[in-house]
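Me: I've got a structure to go through with you. Can we start with charges and rings?

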Amino acid sequence: MENKRTCLYDKHVALGALISPFAGFEMPIQYTDITDEHQAVRTACGVFDVSHMGEVSVKGKDAERYVQHIFTNDVKGAPVGKIYYGMMCYENGSTVDDLLVYKMAGLPPLSPSDSSPQAGEQFFLVINAANIDKDWAWMQEQAKGFDIDLQNLSDKYGQIAVQGPEAEQVVEEVLGLQCKELEFYTVKTIGDIIVSRTGYTGEDGFEIYATPAYINECWDKLMASGRCKPCGLGCRDTLRFEVGLPLYGDELSQDISPIMAGLGIFVKLDKEEFIGKEALLKQKIEGVAKKLVGIELQDKAIPRHGYTVLTPEGEAIGEVTTGYHGISVDKSVCMALVDSRYAKLDTPLLVQIRKKVFPGKVVKKRFYDKHYKK
């Protein structure tokens with residue numbers, strides 16, 4: 001199947017970006033250098049094309065009850081403008097996807113043919129690009145028996161993420177969008193635009209959802225301003241990894257539950273019910289066979305996804321999910337799924353990198369402190 005292209009694809013080509021397939025899309029991996037782009041987000045401002053992400057609208061009489069049913073976090077009585085992070089799980093507790101759920105007072109119109117905004121409270125679900133088709137089929141299956149209007153809007157929205165300590169100034173002054181009053185994990189609409197403040201980098205940042213035409217205008221303004229560096233998916237991965245944020249397919253999957261991944265805080269087991277609750281409750285009470293940990297190596301060798309983790313005696317007890325030489329911390333670090341018996345902080349472990357083994361120890365998964373607006 002041919003890869004899709006986002007609404008900003010031609011802009012990336014014009015900037016000389018390295019383009020590579022990702023999640024079924026032709027996406028920019030880097031423009032100049034991953035380290036430069038990474039540091040721009042940590043110290044100033046970077047902009048990402050994230051138009052490949054999926055968006056699903058849930059509205060109707062049973063909208064809240066439906067979201068409660070499929071989502072591990074608790075949105076009961078959620079105020080308009082609030083955003084929640086959590087997972088959708090299978091009955092066995094493994095992960096369908098991780099996602100953001102926005103509580104909205106209706107969505108703005110997406111085209112002139114939309115005579116008015118979609119009125120009434122609704123939920124706006126933002127899902128991973130690689131999982132759009134799978135998630136959509138699963139959501140439709142779970143919708144049976146609920147009085148809801150479920151819409152897949154993934155092909156209708158463009159999206160950019162403006163990230164970094166200067167993001168607020170850039171969004172306000174370059175794009176003319178008032179965003180100062182937005183708190184962390186909140187959202188609002190400005191005319192036909194959705195603006196949220198979450199971020200996937202460990203820095204302050206904003207997500208802007210709008211028509212492809214408007215997203216192109218935003219990109220051009222940001223590039224012309226000289227105040228925002230274009231950033232590819234390469235540094236998006238190094239940035240999220242350093243602050244311990246998971247990526248579906250690495251730290252979460254059909255084989256990895258939120259409890260195994262250390263994301264139990266987003267699994268509200270005191271909720272009345274949700275898919276996978278019984279299995280996750282059992283994992284919480286009885287423990288899990290494997291846990292996600294951070295590992296810091298003594299040497300500068302770089303651990304990569306899939307590399308084997310061993311005990312000092314040479315017994316294989318897990319594998320690396322993501323690994324880099326941390327740009328902001330100047331250390332060789334990784335996240336790994338290992339036998340729970342070896343998950344305690346400071347436990348000595350080895351990582352096999354090609355034909356050699358390198359010593360390390362278990363550390364916290366957050367290698368670099370987050371700098372979100374509180």
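Me: Which ring does the charged end of K82 sit over?
Reply: This is a predicted model. The charged end of K82 sits over the ring of Y84, 5.9 Å from the ring centre.

Me: And R236, which ring does its charged end sit over?
Reply: That of F48. The charged end of R236 is 5.1 Å from the centre of that ring.

Me: Now ring on ring. How many aromatic pairs are there?
Reply: The count is 12 aromatic pairs. One of them joins F124 and Y209, edge-to-face, with 5.4 Å between centres and 85° between planes.

Me: Where do F124 and Y209 sit in the chain?
Reply: In distant parts of it. F124 is in strand 8 (residues 122–127) and Y209 is in strand 13 (residues 205–210). They are 85 residues apart.

Me: Why does F124 count as buried?
Reply: Because its relative accessibility is 0%, and buried means under 20%. Y209 counts as buried too, because its value is 1%.

Me: What about Y157 and Y209, what geometry does that pair have?
Reply: Edge-to-face. The centres are 6.4 Å apart and the planes are at 90°. This pair also links distant parts of the chain, 52 residues apart. Y157 is in the loop between strand 9 (149–152) and strand 10 (158–163), while Y209 is in strand 13.

Me: Which residues do ring pairs link into a cluster with those?
Reply: The cluster holds Y102, F124, Y157 and Y209.

Me: What does Y102 contact, beyond its close sequence neighbours?
Reply: Leaving out neighbours within four places, its contacts include K82, I83, F124, V187, E207 and Y209.

Me: Last one, L269. Where is it found?
Reply: In the loop between helix 7 and helix 8 (277–286).

Me: Is L269 buried or exposed?
Reply: L269 counts as buried, because its relative accessibility is 19% and the cut-off is under 20%.

Me: What does L269 touch?
Reply: F274, K277, L280, L281 and K284, not counting residues up to four places away in sequence.

Me: And how far is L269 from R341 in space?
Reply: 24 Å, C-alpha to C-alpha. In sequence they are 72 residues apart.

Note on methods:
Residues numbered from 1 in each chain as written. Predicted model: local features only at pLDDT ≥ 70, side-chain atom pairs only at ≥ 80, totals over all residues. Heavy atoms only, no water. Phe/Tyr/Trp six-rings, centres within 6.5 Å; stacked < 30°, edge-to-face > 60°. Helix = DSSP H or I, 4+ residues; strand = E, 2+ residues; numbered from the N terminus. Buried < 20%, exposed > 50% of the residue type's maximum accessible area, 1.4 Å probe, protein only. Lys NZ or Arg CZ within 6 Å of the ring centre and 35° of its normal. Contact = heavy atoms within 4.5 Å.
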